[in-house]
Amino acid sequence: TPLPLPAPSPLDAAAAALDSAIAAITSAVALPWLTGRETPPPPAPGISEADAAWRVGGCFPSRIAPTASTTTTTHPASPPAPAGGTHHLAAVGTRAFSLWGASLRIYDFGVYVSPDAAAASPALGGPAAPDAHAADPIAFSRALRSADDVPKTLLVRTRRALPLPLMKAEYARILTRRIALVGGDPSDTALTELIGLFRSDVLPPSARGPAGMVRAGTVLEFGRAPGGRLTVSLDGVRLADVASPPLAAAVFDIYLGADLPCCPAAQAAAAVRVARWAGGGSGGGGGGTPGRLSGPQWRDTVEEVEASHEPGPLAPELVCGRGGGGGTCAGRRAAKLG
């Protein structure tokens, strides 16, 4: 007959409970943060199957349909129906920082622009846009950043769980400086409203990570429409719609502006691509119907852009920040399946 085991002492019981708590915190918070691996969030209500697929897949589509701009600041159960027109992927990138000698990727981003609007925009120079960009890329980037008649979309996907207060502080710090850089007022009420969205009660369930963090894989979306309208969505759920041309320019200045962009390689790639769209083709001179890409010019430009990405709706990574890395969405998918 086996001898009965002695009951653990109160000290042993407390030590075991502490070990269990540390293991739970490590598996739920520390490991997902360090590795960037976390269970994919469930899609938000109202998201289409195709929309949910690229969000969960960790990649960016080559084209998106922007959501319609409204005048509300409500938090609906599902986003409004997409507006007409299509935004095309202009550049992708990854933001990283160095920690104890290791490069940690914090988030990926994709910048989208309407090619038709770029071709019609006087601010970008029309058929002369490629030559204007070649002559003064800084001036062209600033014009693109601030062009109110060129709708744009920015998608930011977190690579690891991030503390919500940290995200709020970083956006407040960066946008306060950027809005002044583009000629706006740091006390802009639209900026105050945007920063105020970084609250736990605003996060949709799909974005809520462990220990009050924003879940890895959460997609933050900024859409710019004419009139300086800036829409903000999280995992496809509309959070706010504000009107402020300086704030809209400040958000996109982080990625498209020539003054210390988040990712210089992505900024340069986006400027070159949009200059070609604005010129009506892949080289200088352009031609075609004024204000709109058509016929061979449109086809050549789209084929050129698509040829620089994977076939289908996925785009490759453009790794920025310190450290190496790289690969494509297809490569990451294969690694996960292998």
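Let me begin with Leu260, which is found in the loop between α8 and α9 (264–279), where helices (H or I, at least four residues) and strands (E, at least two) are DSSP runs, numbered from the N terminus. Phi of Leu260 is near 50°, a positive value in a residue other than glycine. At 67% relative accessibility Leu260 counts as exposed, since by the definition used here buried means under 20% relative accessible area, exposed over 50%, and partly exposed in between, with a 1.4 Å probe and protein chains only.

Before going further, please keep in mind that this is a predicted model, in which local features need pLDDT of at least 70 and side-chain atom pairs count only at pLDDT 80 or more, while totals for chains, interfaces and linings use all residues. Residues are numbered from 1 along each chain as its sequence is written, and side-chain values use heavy atoms, with hydrogens and water left out.

Asp235 sits in the loop between β8 (229–234) and β9 (237–243), and it is buried, with a relative accessible area of 5%.

Now to the whole protein, whose secondary structure comes to 11 helices and nine strands. Buried residues make up 43% of its 338 residues. If we take contacts, meaning heavy atoms within 4.5 Å, between residues at least 6 apart in sequence, 69% of them join residues at least 24 apart.

Next, the interior. A nonpolar core is a set of buried Ala, Val, Leu, Ile, Met, Phe, Trp, Tyr and Cys residues joined through side-chain atoms within 4.5 Å. Which members of the largest nonpolar core touch the most other members? Of its 59 residues, they are Phe109, Tyr171, Leu175, Leu247 and Tyr255. The largest share of this core, eight residues, comes from helix α8 (residues 245–256). There is also a second, separate core of seven residues, which includes Phe60, Ile64, Val92 and Tyr112.

Let us stay with Tyr171, whose place is in helix α6. Tyr171 is buried, with a relative accessible area of 14%. Leaving aside residues up to four places away in sequence, Tyr171 touches Val156, Thr176, Ile195, Phe198, Leu220, Phe222 and Tyr255. The C-alpha atoms of Tyr171 and Leu194, which are 23 residues apart along the chain, are separated by 9.2 Å.

Leu164 lies in helix α6 as well, and at 6% relative accessibility it counts as buried. Its C-alpha atom and that of Met213, 49 residues apart along the chain, are separated by 5.5 Å. Among the residues that Leu164 touches, not counting those up to four places away in sequence, are Phe198, Leu203 and Val214.

That brings us to how helices pack. Two packed helices are described by the angle between their axes and the distance between the axes. Axes here are lines fitted to C-alpha atoms, for helices over the stretch in contact, and angles run from 0 to 180 degrees between N-to-C directions.

How do α6 and α8 meet, and at what angle do they cross? The axes of helix α6 (residues 164–181) and α8 come within 8 Å and cross at roughly 110°. That makes α6 roughly perpendicular to α8, because angles under 35 degrees count as roughly parallel, over 145 as roughly antiparallel, 65 to 115 as roughly perpendicular and the rest as oblique. On the α6 side the contact includes Tyr171, Leu175 and Arg178, and on the α8 side it includes Leu247, Asp253 and Tyr255. By class, this contact of α6 with α8 has 11 nonpolar, no polar and two charged residues, where Ala, Val, Leu, Ile, Met, Phe, Trp, Tyr, Cys and Pro count as nonpolar, Asp, Glu, Lys and Arg as charged, and the others, Gly among them, as polar.

The other pair is α5 and α8: the axes of helix α5 (residues 137–146) and α8 come within 8 Å and cross at roughly 140°. That makes α5 oblique to α8. The contact is made by Ser141, Leu144, Arg145 and Ser146 of α5 and Ala249, Phe252, Asp253 and Leu256 of α8, and these residues divide into four nonpolar, two polar and two charged.

I will finish with Arg224, in strand β7 (residues 219–225), which is buried, with a relative accessible area of 3%. Arg224 touches, among others, Arg145 and Ser146, as well as Ala249 and Phe252.
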